[in-house]
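Please look over the sequence and the fold shown here before reading on. The briefing then takes up a few local details, one topic after another.

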Amino acid sequence: MIPSECGYLYPEPLNHTLRLRYGYWRCKSERRGTVVLQAGRTECFEKYHETIETLLNKRFDVWSLDWRGQGLSTRLPSHYQAGYIDSYETYLRDFHYFVQTKLQTATAEPRVLLAHSMGGHLALRYLREHQGFFQACVLSAPMVDIVSAPFPRPLIWALAFAGSWMGHGQKYAPTQHDFNDEDRNFLTNRLTTDPLRFQRGVDVFDNQPELAVGGATFRWMKETLLSISQLRRREYASNIKTPVLILSSEDETVVDSKSHQEIAKLMPFCQVVSIPECKHELLQENDAVQTIFWSEFDTFLNKWLFP
């Protein structure tokens with residue numbers, strides 16, 4: 001799916017080594033609005049060509065930003081594939097710069113934020129801290145909390161903070177590694193039950209190795225745990241006033257699906273739909289799951305935006 005426009009943003013004018021890649025796909029028919037599509041950790045918008053095509057067919061323009069540290073946005077110079085961030089505030093500043101410089105004047109209302117996993121976590125935080133720009137939000141398996149098993153949760157906290165404190169923040173946490181053959185094995189994957197869509201995701205990295213992202217660093221783990229703690233505070237989540245639909249997998253092993261129900265109870269306009277017999281990446285799942293996902297998407301938007 002070739003973008004109508006693809007380029008780079010430079011959020012620090014005096015530092016042109018820092019760049020954020022964005023893409024824009026223009027609807028060819030009468031436009032109903034705009035969807036901003038934000039991927040999860042390790043992903044880039046090349047992985048979402050099917051999702052983008054579906055949205056275009058639903059008569060939405062589509063925009064997307066590669067998060068810092070993945071896609072073709074700026075990476076760690078010392079370890080290109082390592083999943084690293086110094087603070088979730090950096091992600092949010094980058095996304096707000098994208099909104100201000102590209103989306104503020106170039107997008108048609110209503111504006112819908114569609115995000116997956118880590119992107120869903122950041123979407124919720126953005127809605128809380130910058131209210132009013134998006135009229136609705138749909139989330140695929142948002143990272144409201146993570147599954148720490150088989151490790152005890154206190155051990156995860158201790159490792160993340162100790163590793164960062166000892167100066168290993170840019171190094172892989174235990175069990176983490178570069179993208180390799182383990183990540184290419186459909187039989188052991190935790191992401192999707194659909195072998196064709198799984199292979200398409202693998203092919204994105206194999207065909208363009210510069211897009212590949214590996215595991216998480218100590219610092220990413222630490223900052224993620226801190227941001228999760230902030231998002232889940234009652235006084236924080238209760239001030240997310242945008243209508244939100246959470247699509248959640250019943251067989252989830254990456255993020256904690258119970259946390260979706262818990263945060264929905266804190267938010268005034270949030271509903272959760274649980275989908276059976278699927279894994280974490282709902283937008284890369286089998287046709288039956290896709291049918292449920294897009295049916296719920298349409299019903300939700302018809303309720304809030306197109307009554």
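Contact means that heavy atoms lie within 4.5 Å. With that in mind, Glu210 touches Gly71, Leu72, Arg75 and Tyr80, when residues up to four places away in sequence are not counted. This is a predicted model, in which local features need pLDDT of at least 70 and side-chain atom pairs count only at pLDDT 80 or more, while totals for chains, interfaces and linings use all residues. Residues are numbered from 1 along each chain as its sequence is written, and side-chain values use heavy atoms, with hydrogens and water left out.

- Glu210 lies in the loop between H5 and H6, where helices (H or I, at least four residues) and strands (E, at least two) are DSSP runs numbered from the N terminus.
- At 35% relative accessibility, Glu210 counts as partly exposed, a class that falls between buried (under 20% relative accessible area) and exposed (over 50%), with a 1.4 Å probe and protein chains only.
- Glu210 and Gln70 are 140 residues apart along the chain, and their C-alpha atoms are separated by 9.3 Å.
- Gln70 is found in the loop between strand E4 (60-65) and H2, and Gln70 is buried, with a relative accessible area of 3%.
- The side chain of Gln70 reaches the backbone oxygen of Gly40 at 2.8 Å; a polar contact is a pair of N or O atoms within 3.5 Å, where within protein one must be able to donate a hydrogen and the other to accept it, and residues adjacent in sequence count only if both atoms are side-chain atoms.
- Not counting residues up to four places away in sequence, Gln70 touches several residues, among them Gly40, Arg41, Thr42 and Glu43.

**A buried alanine in a strand**

- Ala115 has its place in strand E5 and is buried, with a relative accessible area of 1%.
- Leaving aside neighbours within four places in sequence, Ala115 is in contact with Gln38, Gly120, Ala123, Val138, Leu139 and Ser140.
- Ala115 and Ala141 are 26 residues apart in sequence, and from C-alpha to C-alpha they are 8.7 Å apart in space.

**Backbone details**

- Most residues other than glycine have a negative phi, and most peptide bonds are trans.
- The peptide bond from Glu109 to Pro110 is cis, with omega near -5°, and Pro110 is in the loop between helix H2 (88-106) and strand E5 (111-116).
- The peptide bond from Ala149 to Pro150 is cis, with omega near 10°, and Pro150 is in the loop between strand E6 (136-140) and helix H4 (153-165).
- Thr42 is not a glycine, although it has a positive phi of about 80°, and Thr42 is placed in the loop between strand E3 (33-38) and helix H1 (49-57).
- Thr175 is not a glycine either, although it has a positive phi of about 75°; Thr175 lies in the loop between H4 and helix H5 (195-207) and is exposed, with a relative accessible area of 56%.

**Packing of the helices**

- Two packed helices are described by the angle between their axes and the distance between the axes; axes are lines fitted to C-alpha atoms, for helices over the stretch in contact, and angles run from 0 to 180 degrees between N-to-C directions.
- Angles under 35 degrees count as roughly parallel, over 145 as roughly antiparallel, 65 to 115 as roughly perpendicular and the rest as oblique.
- Helix H3 (residues 118-129) and helix H6 (residues 218-231) pack at an angle of about 45°, with axes 11 Å apart, which makes H3 oblique to H6.
- The contact of H3 with H6 includes Met118, His121 and Leu124 of H3 and Trp220, Ser227 and Ile228 of H6.
- H4 and H6 pack at an angle of about 125°, with their axes 8 Å apart, and they are therefore oblique to each other.
- Residues of H4 including Ile156, Trp157 and Phe161 meet residues of H6 including Phe218, Met221 and Leu225.
- H2 and H3 pack at an angle of about 70°, with their axes 10 Å apart, and they are therefore roughly perpendicular to each other.
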